[in-house]
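Keep the viewer open as you read.

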Amino acid sequence: MNQPASAYFIEDRHDPNETHTLAVLVQNEPGVLARVIGLFSGRGYNIESLTVSETEAQKHLSRITIVTTGTPMVIEQIKHQLDRMIPVYRVVDMTQTRRSIERELAMVKVRGQGDHRVEALRLADAFRARVIDATTESFVFEITGNTDKINQFIDLMRPLGLVEVSRTGVAAIGRGPEGM
Amino acid sequence: MTDKSHDPNQMTGAAMIVRALIDHGVTDIFGYPGGAVLPIYDEIFQQSQVQHILVRHEQGAGHAAEGYARSTGKPGVALVTSGPGATNMVTPLTDALMDSIPLVCISGQVPTHLIGNDAFQECDTVGITRPCTKHNWLVRDVNDLAKVLHEAFYVATSGRPGPVLVDVPKDVQFATGTYHPPRKSDVHRSYAPRVKGDAMQIRKAVTLLANAKRPVIYSGGGVINSGPEATKLLRELVEVTGFPITSTLMGLGAYPASGKNWLGMLGMHGTYEANMTMHDCDVMLCVGARFDDRITGRVDAFSPGSKKIHIDIDPSSINKNIRVDVPIIGDCGNILGDILQVFKAEAKKPDIKAWWQQIAQWRARNSLYYRKSNEVILPQHAIQSLFEATRGRDTYITTEVGQHQMWAAQFYGFEEPHRWMTSGGLGTMGYGLPAAVGVQVAHPDSLVIDIAGDASVQMTMQEMSTAVQYELPIKIFILNNQYMGMVRQWQQLLHGNRLSHSYSEALPDFVKLAEAYGGVGFQVHKPADLDGAIQEMISVKRPVLFDCRVAALENCFPMIPSGKAHNEMLLPEQANDEATAKAFADGKALV
């Protein structure tokens, strides 16, 4: 392997990337989201999706769900780096446990008339998407599901007059009676 | 309504800060006043328990606090104003984060109602310092201040130590609230660093150690951070097992350099025997080190045949650069104690005579060799002379960053921990002089020497004025080669000898400079004059700038060239131009 003239050891790493969904329970205090996001940008990690909301107001707990990609070594690093932050209670790798459900909500605006309009409505029905706004020339659909399902729905709407999409990002929870 | 006017715990935010410092046993702080911290300075003025050292630049306060912390094991404290005061602290905070130094920085902030208004001397201090602290806080309510200050000290000093910052707006400093002494509930429930190692893992480690044929112990700064007990246990482990031991730059002194199992420092400028032992070992015990890129060389060729045990208090250090077989998370001292106990109960000293014979052959290569001269002072010789002159004395060494730092690490023998203060992770030029100020404040009667380079030392030279003001007799021993030596060395090796801006065309007269500050200056050119001048320097009880003129073009060897493994070191006798060019040939192809 050729080395550029560098004071650092430059090398290629060929491990394949994996996609993982992490659930992070944090103390809801000023700056906590900035810490988490700063960690990802500062250390060059990827964020594919990020959702955050307070989940237990009395205990000041928020839950952050992050979908990230990286080599297995990088994913392990991300978990440890998150876990050692002072306001972080727990980090759970929802992908590793293989017992989790992931959902995303999207609102999809489609504009069209005639056959396109009928077709959009028929597909929406097949995907169990709801109409939450309608005009004579448009619909807004609300669809819930995993990321693949939503991507598929959006792809189908594209030729039928897709105008815009708003997505929440992924939320995840473990199956069974136990909490995280 | 109860009358709170006689409650001794009712006080202003500024008074709380001074009270908290006292409650945490702080006796010395380093700082620089400004608009947003004047209430705190007013409190400092009216008491005598906490001594304040006025620096000349906030960066100096930060490094002085680091030097203080590293030489005592106690947290260092810095006090700075808002805006530029805080931004000037960014370098020391980052330095302390990289080297795991407990540092508590208190910064003033503009009043809460002005935050976000681009007020005079306002900056987003917590935003700027978020990635360069272990944690930081902006205190908006005076009644939160005591809790935050106590938590700050706990976070800085517990687990993997590090810098913290508490940003206190000026109105919070003026406001009156309730103070309470430190208590357990002050700390986030989410923060609980693990101390005790897993018993199963410790057993696995002992089995590996007991059956090793070619073992090595690789220790780091974590052992020193863990405290005197860890150092004692590390030495005992070496004694009980008979294993060879090497150390990172940060870990020097945990095992004595005069110890018979000592291999010298490892890594890019480590000894041949240390690096070869690491490369060829079959069991590696890493204690409180983090497989940094200056240590490992080429990662995929790093110690290919060994089982690796890694003790670290920070889980994120495990498997970050190098995959290890037996990770043990917890405090070094605690885990070393457990390992020793199990080892002594169940294992016996493995026979590694053949391994020591192999190591003796590597040692015989004499990788720290250099050619002495009667005409010109070799920098290695200067360090050796300094070491000989200070051996057996109560001495603390700080350094700047560059060739002189590596030579100091190679040629100055450290016998005890907390005696060696150097910027390892961040590599901060300008660290050593203010760090020496901090060390001397903590140890007023000790000999404190900053081994410096002519380029580095000019980055924080202004702190000479601090040393003179507080009668701190620090010795700044400058290996003056008129170059940024390490930059030049890389340019020679990797950039076709094009010495772009690494030569200082104009250097100050360091003797006159010392005198201008009110200190003492020395200048030495000849090897014959060196020892006498060093003796004289030591006997002077004032701050000294010692201008030691050394061979200008000497380079630092041995060396692992970039992209090479531990067993591909470049030794000094091989480091002629042709061999050097060949060793770096891969690099040249892409220049």
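This is a predicted model: local features need pLDDT of at least 70, side-chain atom pairs count only at pLDDT 80 or more; totals for chains, interfaces and linings use all residues.

B:Glu471 sits in the loop between helix H19 (464–469) and strand E18 (475–480) of chain B. Helices here are DSSP runs of H or I with at least four residues, strands are E runs of at least two, and both are numbered from the N terminus. Phi of B:Glu471 is near 50°, a positive value in a residue other than glycine. B:Glu471 counts as exposed because it has 11 C-beta neighbours inside 10 Å.

Residues are numbered from 1 along each chain as its sequence is written, while chains are lettered from A and ligands numbered from 1 in the order in which they are written.

Over in chain A, A:His60 also has a positive phi, about 55°, although it is not a glycine. Look for A:His60 in the loop between strand E2 (49–56) and strand E3 (61–70) of chain A. A:His60 is partly exposed, with 13 other C-beta atoms within 10 Å. Back in chain B, a cis peptide bond joins B:Phe557 and B:Pro558, with omega about -5°. B:Pro558 lies in the loop between strand E20 (544–549) and helix H23 (577–583).

## Chain A as a whole

Chain A has five helices and nine strands. From the N terminus on, they run β-α-β-β-α-β-α-β-α-β-β-α-β-β. The radius of gyration of chain A is 20 Å, well over the 16 Å that the globule rule gives for 180 residues, so chain A is more spread out than a compact globule. (The radius is taken over C-alpha atoms, and the rule is 2.2 Å times the number of residues to the power 0.38.) Buried residues make up 27% of the 180 residues in chain A.

A:Lys79 counts as buried because it has 20 C-beta neighbours inside 10 Å. Setting aside neighbours within four places in sequence, A:Lys79 is in contact with A:Leu22, A:Val91 and A:Asp93; contact means C-beta atoms, placed from the backbone, within 7 Å.

## Helices in chain B

In helix H5 (residues 90–98) of chain B, the buried residues are B:Thr91, B:Pro92, B:Leu93, B:Asp95, B:Ala96 and B:Leu97. Their cover includes helix H3 (58–72), strand E5 (103–109), helix H6 (125–129) and strand E7 (163–169) of chain B. After H5(B) comes B:Ser100, whose phi is positive, near 55°.

How do helices H1 and H7 of chain B meet? B:Gly13, B:Met16, B:Ile17 and B:Ala20 in H1(B) touch B:Val142, B:Leu145, B:Ala146, B:Leu149 and B:His150 in H7(B). By class, this contact has seven nonpolar, two polar and no charged residues. Nonpolar covers Ala, Val, Leu, Ile, Met, Phe, Trp, Tyr, Cys and Pro, charged covers Asp, Glu, Lys and Arg, and the others, Gly among them, are polar.

Methods
A residue is buried if 20 or more other C-beta atoms lie within 10 Å of its own, exposed if 12 or fewer, and partly exposed in between; C-beta atoms are placed from the backbone. Two residues are in contact if their C-beta atoms, placed from the backbone, lie within 7 Å.
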